[in-house]
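The sequence and the model come next.

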Amino acid sequence: MRITSTSCICPVLVCLCFVQRCYGAAHHGSIKVTRNQTKHVEGETEVHHRPKRGWVWNQFFVLEEHMGPDPQYVGKLHSNSDKGDGSVKYILTGEGAGTIFIIDDTTGDIHSTKSLDREQKTHYVLHAQAIDRRTNKPLEPESEFIIKVQDINDNAPKFTDGPYIVTVPEMSEMGTSVLQVTATDADDPTYGNSARVVYSILQGQPYFSVDPKTGVIRTALHNMDREAREHYSVVIQAKDMAGQVGGLSGSTTVNITLTDVNDNPPRFPQKHYQLYVPESAQVGSAVGKIKANDADTGSNADMKYTIINGDGSGVFSISTDKETREGILSLKKPLNYEKKKSYTLNIEGANTHLDFRFSHLGPFKDVTMLKIIVGDVDEPPLFTMPSYVMEVYENAKIGTAVGAVTAQDPDTANSLVRYFIDHNTEEDRYFTIDASTGTIKTAKTFDREETPWYNITVAASEIDNPGLVSHVPVGVRILDVNDNPPELAREYDVVVCENAKPGQVIQTITATDKDYSANGARFHFSLDEGLSLNPNFTLRDNEDNTASILTRRRRYSRTTQDIYYLPVLISDGGVPPLSSSSTLTIRVCACERDGRVRTCHAEAFLSSAGLSTGALIAILLCVVILLAIVVLFITLRRSKKEPLIISEEDVRENVVTYDDEGGGEEDTEAFDITALRNPSAAEELKYRRDVRPEVKPVPRHHPSSSLDSIDVQEFIKQRLAEADLDPSVPPYDSLQTYAYEGHRSEAGSISSLDSATTHSDQDYNYLGDWGPEFKKLAELYGEIESERTT
């Protein structure tokens, strides 16, 4: 099959089309179909070779942007099987087949029916096949070929990132790189010069230049000064076809700003300044401003102001305002026109951020002279002291002089001064002042123990100008006099143990005095000499502002006397000395052997008997249980006596119900209790008085012996028989209890009940050494001995 390609759109490209056709005939010419051949070589066996394809497709070229009225001829397909009789039919399939590309199925000519754009699609892949028109059978296998869209210069270069904004420091060296710009061309960079871009500068010379190949923009001048010109607008052009005539071009704008460097020193507009400041200016206030100009901006214009010399450096100070870059002049000390009327200051302004590359342009500081004129002002009176402290004794009479204040008019007129007290607080009303002399006097009687210090404010004004007023604080200290007697420091709870020994310290007391320590710091303690000698306690002055209370006898008893009172006399060391009397209350308590207090109540013997808290709780719980049982029993008995149904017929008049269960403990007539104590006292039988017996009593048989010889055992038997035979016992529950211990002992009774009235000189102190089991016994005999001693 032979391939013929033709692409001609204008006379200018005729030569190119001719070259292309020659190229196609020489390199893409027809390749004849050869059948399978078997080559016989002498001495070799028959070799079979794969048959070659009858036609081979390569590629076609078509120019983009075809604008002619007729379809553009692309090429021709021809099969070696085509004899020119129209029996071969050519079929074209693939991308754009039938829409963009059409084929003459008889001749094999391919045409492009539309204008193509390489920037949208660079090539098309198609498939060609030759078939027999009569049988529709393929004469050769289907083959693939490519139609490439050939580029023309139809796209201008574009700056996709423009316009640009960039900065470069001022005073930069010539050739300093500023920015690199890049333009893109959509044409084919591999074909011709359509996409070969060259850069040039249209606007911005002679300040900047651009590299034609790389697009790098550089400074073209030395020492470009921002203060002279800050902004530049540079226009860069990019042209394809290597900048040749007929090439397409695009441009962009680059806005370049010179950034500041510290290349300008500060300068004061004037070398001499003058400032007026009134003498009434307050210390610490701003009295003026000064500023040095700097052509730089930002931190390069920051500066600091200082006072380098002058006679006013100790009176004035200067600081820098960071926002306005001004020097703020402030007053350090008060001004006085009468003493000094003017001051001279040398003020320096210097940059704080230096660039040593430009140090040759310095120095980066400047100095100016400032003269300050002090203005005369009518001032209020001036006190000789900034504050006063005065003293006066307490209890001083009203009108007593405390002290005096003095003020003068500082002006040259030296006007007369009037004094007065500002009655703004209550303390100011306690004093008066002489309007002419400034003497302060008391207006009430003071008590140092109530208020030891007073603060008042004294004012002074000129008589000629009362509106000018000055104030001064005055402190008045109230001095102490000895007008308060000493007293006990607190209420003391003094305790003495029952087993205390003579000379034992039971309490140490101290005293206090409301007066100042100089008036009564030393206290003296003693007992009231007007009273008789105390037999129970005494007092010892420890000479260190304390005193000790001591016992004077051996033992004390709560049952005899549980509280003692001891008057104590206390005097101070002031002039004149003052004294007071206080009474100590001393309680008698039961203590352990180590001195710990056990109890101080005379009636608390249950606790002293040795019963613990747990035992008391157990006893209380048993009592509650017994009371509950009694209440339950009474409730059950009452419920049994009440009938379930009360008939109206059973109601009778004058019905009296008795529920007598016995006399209880108050019934002393049920039996004779003296019989329990002494059987011999029962001389005859005594019947119950609350019930009349229905039978005769059992006669008693007394032995012939006297009443003193009655046997208790026999007496109990008789009582038992009487109780058994008495029909009137139920429901009377009178309980009679008898205990028989046998006959009287020959040794007699060992009970101590009858020996309470006997006296003995025996010392029972040894019972305290027998241990806790004999503690109570030792306490009882100790109380007996104490009562006998008393």
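A residue is called buried under 20% relative accessible area, exposed over 50% and partly exposed in between, with a 1.4 Å probe and protein chains only. The model is predicted, so local features need pLDDT of at least 70 and side-chain atom pairs count only at pLDDT 80 or more, while totals for chains, interfaces and linings use all residues. Residues are numbered from 1 along each chain as its sequence is written, and side-chain values use heavy atoms, with hydrogens and water left out.

**Aromatic pairs**

Tyr 556 is buried, at a relative accessible area of 3%. Phe 537 is buried too, with a value of 1%, and Tyr 564 counts as buried at 8% relative accessibility. Rings of Phe, Tyr and Trp (its six-membered ring) form a pair if their centres lie within 6.5 Å; planes under 30 degrees apart are stacked, over 60 edge-to-face and the rest tilted. The count by this rule is 15 aromatic pairs. Two of them involve Phe 537:

| Ring pair | Centre distance | Plane angle | Class |
|---|---|---|---|
| Phe 537 and Tyr 556 | 5.4 Å | 10° | stacked |
| Phe 537 and Tyr 564 | 5.5 Å | 70° | edge-to-face |

Helices (H or I, at least four residues) and strands (E, at least two) are DSSP runs numbered from the N terminus. Phe 537 lies in strand β36 (residues 537–541) and Tyr 556 in the loop between β37 (546–551) and β38 (563–571), so their pair ties together parts 19 residues apart in sequence. Tyr 564 is in strand β38, so its pair with Phe 537 links parts 27 residues apart in sequence.

Tyr 430, Phe 431, Phe 446 and Tyr 454 make up one aromatic cluster. Lys 444 lies over the face of Tyr 430, 4.4 Å from the ring centre; the criterion is NZ of Lys or CZ of Arg within 6 Å of the ring centre and within 35 degrees of the ring normal. Lys 121 lies over the face of Tyr 124 at 5.4 Å.

**Nonpolar core**

A nonpolar core is a set of buried Ala, Val, Leu, Ile, Met, Phe, Trp, Tyr and Cys residues joined through side-chain atoms within 4.5 Å. The largest one has 24 residues, and those with the most contacts inside it include Phe 383, Phe 431 and Val 474. Among the elements that give two or more residues to this core are β28 (431–433), β30 (453–462) and β31 (469–479).

**Strands**

Strands pair if DSSP finds at least two bridges between them. An open sheet of four strands runs in the order β32-β34-β37-β36, with antiparallel pairing. β32 (487–488) and β36 are at the edges with a single partner strand each, so one side of each has no neighbour in the sheet. β34 (residues 505–512) and β37 pair over five bridges in the antiparallel sense; Ile 509 has Ala 547 in β37 as its bridge partner.

Strand β33 (residues 494–497) points Val 494 and Val 496 one way and Val 495 and Cys 497 the other, and all are buried. Four bridges join β33 to β39 (residues 579–591), and the two run parallel. Val 588 in β39 is the bridge partner of Val 496.

**Helix α5**

Phe 715, Ile 716 and Arg 719 are buried in α5. Down the helix axis, the buried residues of α5 fall within an arc of 100°, so they line one face; the arc is taken from the directions from the axis to the C-beta atoms. Leu 720, Asp 724 and Leu 725, on the other side of α5, are exposed.
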